[in-house]
Amino acid sequence: MSERSQISLEELQLAARNHGMALEALRYDLTPVGLHYLLIHYDIPAVDPSTWRLQFGGTVAQPSSFSLEDLSALPRASIPVTMECAGNGRALLEPRPVSQPWLLEAVGTAEWAGTPLVALLDRVGVDPDTVELVFTGLDRGVEGGEEQTYARSLPLAECRREEVLLADEINGAPLPPQHGAPLRLLVPGWYGMTSVKWLGRIDAVSEQFRGYQNERGYRFRRDDDDPGEPVTRIVPRALIEPPGIPEFMTRARLLPPGRTVLRGRAWSGRAPIERVEVSVDDGHEWRPATVGAAPSPWAWHSWRFAWDAPEGDHLLQVRATDALGTKQPDQPGWNVGGYSNNAPHRVPVTVRAGVLVGA
């Protein structure tokens with residue numbers, strides 16, 4: 001048995017609590033809420049929306065408390081955003097980092113709506129010496145041996161982006177409990193750990209936040225002694241919508257010979273996707289796919305590629321390059337947390353006569 005297959009009971013427990021998006025849901029421009037990936041660090045807190053308040057303090061001219069009614073009176077905005085977990089692809093690394101064993105399904109795209117954060121900054125009057133905002137959720141637990149409430153900071157310049165929201169809706173409906181009701185932060189372009197759920201407090205601070213999730217939890221580290229670099233924006237990735245039909249246990253794909261159109265999605269949190277390439281011959285030749293427009297600068301692009309599938313076994317691969325020239329690497333870099341593994345998506349396919357697709 002390989003090291004990768006030795007999933008512990010603790011990891012299995014995490015995998016049962018948290019779920020990824022079934023890759024066939026790549027067909028949807030907006031991921032249905034029940035299919036959107038989900039990661040819950042601790043427990044879903046019990047929150048009464050009628051008594052909930054968002055506290056805003058720290059280095060501000062006017063410390064304030066906001067109810068949901070107060071926030072609803074402020075300007076609103078909505079935006080399609082692709083959100084991805086920083087650990088997406090972790091379980092494909094060797095040796096496999098021990099944590100939530102994501103394969104490639106920790107992603108989803110939704111239409112988020114709420115109050116632009118900048119509207120609150122204008123209300124409270126952030127002091128000139130402020131460098132970051134610290135966002136604290138209502139969920140509490142133990143991680144790395146440290147009892148804590150989930151909290152992360154974000155540089156003030158990022159907080160002033162007009163697309164950063166205090167979101168209370170997803171796909172036109174109120175946030176469900178598992179997605180952070182009644183209010184969560186939404187930071188387009190950054191990995192999902194930044195978009196703090198069950199938001200209870202915002203604090204402006206004049207020096208860098210040293211909390212666990214910033215200083216230890218989400219950093220690229222070569223080993224346990226390496227302080228590492230922070231995990232921030234989403235790197236380019238493309239995924240293939242699974243073609244044909246699956247074998248139950250392995251999910252290996254079967255399809256009939258002949259013309260088929262491969263489809264999928266591609267995204268980056270740094271720049272629009274400029275190119276998607278597909279290989280059907282073990283990576284010896286990469287051919288361009290047709291890339292569609294994204295519904296927003298922060299949401300995934302569709303792509304399509306016509307393939308005359310001959311009988312036999314094939315390895316489909318896809319990779320994306322964004323407008324900054326950043327391309328998915330052939331092989332992933334390893335780090336302790338298993339973050340940002342964006343090696344090409346590889347899908348084994350058997351093409352044979354007699355396979356009935358959609359019958």
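Predicted model: local features only at pLDDT ≥ 70, side-chain atom pairs only at ≥ 80, totals over all residues.
Buried means under 20% relative accessible area, exposed over 50%, and partly exposed in between, with a 1.4 Å probe and protein chains only.

Residues are numbered from 1 along each chain as its sequence is written, and side-chain values use heavy atoms, with hydrogens and water left out.

Next I looked up Phe135. Beyond its neighbours within four places in sequence, its contacts (heavy atoms within 4.5 Å) include Leu117, Tyr150, Leu154, Leu185, Val196 and Ile202. Arg152 and Arg201 are also among them.

On to the pockets. A pocket is an open set of points on a 1 Å grid over the protein atoms alone, where a 1.4 Å probe fits, with protein on both sides within 12 Å along at least five of seven lines; lining residues have an atom within 4 Å of a point. Grid points are joined across faces, edges and corners, and a volume is the space filled by probe spheres set on the points.

The largest pocket holds about 1,100 Å³ of space. Its lining has 36 residues, and Leu23, Leu103, Leu104, Glu105 and His345 are the closest to its centre. I noted that strand E22 (345–351) and strand E13 (237–240) are the elements giving two or more residues to this lining; E22 has the largest share, with four. Strands (at least two residues) and helices (H or I, at least four) are DSSP runs, numbered from the N terminus.

The second largest pocket comes to about 780 Å³. It has 32 lining residues, with Val98, Ser99, Glu143, Tyr212 and Tyr339 nearest its centre. Helix H5 (212–217) supplies the largest share of that lining, five residues.

Last, I checked Ala25, in the loop between helix H1 (9–17) and strand E1 (54–58). Is Ala25 buried or exposed? Ala25 counts as buried because its relative accessibility is 1%. Its C-alpha atom is 26 Å from that of Trp198, 173 residues apart along the chain.
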